[in-house]
Amino acid sequence: PYKFVLPQYTAIFFNQDTAPVLKNSDMRMALNLAIAKDKVLAQALGNEGEIISSPILKNEVGYNPNIIFPAYDPEKSNQILDKTWQKIQPEDFFKAEYDAALKARQGELDTLKKNTSTTPEQLLEETSRIEKEITDIIRQDMDAEQSFYRKNKNNEILTLTITTVDTPEYQQAAESIAKLWRAVGIKTKIQIINSGQINKDILRDRNYQVLLYGEITGSDPDPYPFWHSSQISYPGLNLALFVNREADKLLEVARATTTEQKRADQYEKFQQILAKEIPAIFLYTPVYNFVASKEIKGITFKQIFSPADRLSGLSDWYIKTKH
């Protein structure tokens, strides 16, 4: 068997514009520390991939395994969240949500009360119906495995929504991440979008809080289209809406240079900025497995950019040899 890492990666992109809570760097750090990437990879791809921490992949210019990115540490994640977000029990969460929902629908009951034709029995029946409806909705929205939730000083519940496409891989990855975030008290919802509609409904207007998605870097893995601030608007591919003038300059210089070492230096500095800012969480890169008979000789690969590239050296393969 032959195993190849494809030039693409899957990541979680944060949209700080639609979810202001993500503007806080400590929050982004806590979210990163809460993710066990090995569990995500196992559930999404059955371990047919490699865990990553950066958009610069192995064997690419600027790859440096010594750059320190946040690693899985749920205890530290909880410590960071505890500073701003108080832990509350599921029943306290239910009561807070119930009271807020009932208050929002109080107008319906007030209208009934003002109606002179409404009998006390009818009012009681309608009140019971609304209360049951609210209860059912909240209970259905609560995850049975979430042992606690979090609220801030304004009694706002810490809630995030992961948006992704309707492929088995991404759905499994989203479920795994949601479970890990719930384990540190974050109420996590998942929004599944048809793959044919995601450009129109989600990417065009950057209509997401947290996007679980993949990016294909191609044969020339230039991070510019994915991370330069000029690419934050559609059809640009800066899905984290990342704006950093120092990072922009590094990407511009790297793109203009013809010296591989200078380009590598720029990309290493760029990755150090990403490790500090955490505009996204890089999860894994998929692996392509290719099986060929042991009798076939002459199979040599340096790198492939798509599964079809495995056949690029087909003319050099052979079985018969001279004694």
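The crossing of helices H4 and H6 is right-handed, the near helix being turned clockwise from the far one by less than a right angle. The model is a predicted one, in which local features need pLDDT of at least 70, side-chain atom pairs count only at pLDDT 80 or more, and totals for chains, interfaces and linings use all residues. Residues are numbered from 1 along each chain as its sequence is written, and side-chain values use heavy atoms, without hydrogens or water.

H4 spans residues 90–104 and H6 residues 120–141, helices being DSSP runs (H or I) of at least four residues, numbered from the N terminus. Their axes lie 10 Å apart at an angle of about 135°, where axes are lines fitted to C-alpha atoms over the stretch in contact and angles run from 0 to 180 degrees between N-to-C directions. On the H4 side, Glu-91, Phe-94, Glu-97, Tyr-98, Ala-101 and Leu-102 take part in the contact, meaning heavy atoms within 4.5 Å. Their partners in H6 include Ile-130, Ile-134 and Arg-139.

Turning to H2 (residues 37–45), the buried residues are Lys-37, Val-40, Leu-41 and Ala-44, buried meaning under 20% relative accessible area with a 1.4 Å probe, protein chains only. They sit on the same side of H2 because they cover an arc of only 95° around the axis, taken from the directions from the helix axis to the C-beta atoms. Gly-46, with a positive phi near 60°, follows H2.

Asn-32, found in H1 (residues 25–33), is buried, with a relative accessible area of 6%. Beyond its neighbours within four places in sequence, Asn-32 touches Pro-70, Ile-278 and Ile-281.

Notes:
Helix = DSSP H or I, 4+ residues; strand = E, 2+ residues; numbered from the N terminus. Buried < 20%, exposed > 50% of the residue type's maximum accessible area, 1.4 Å probe, protein only.
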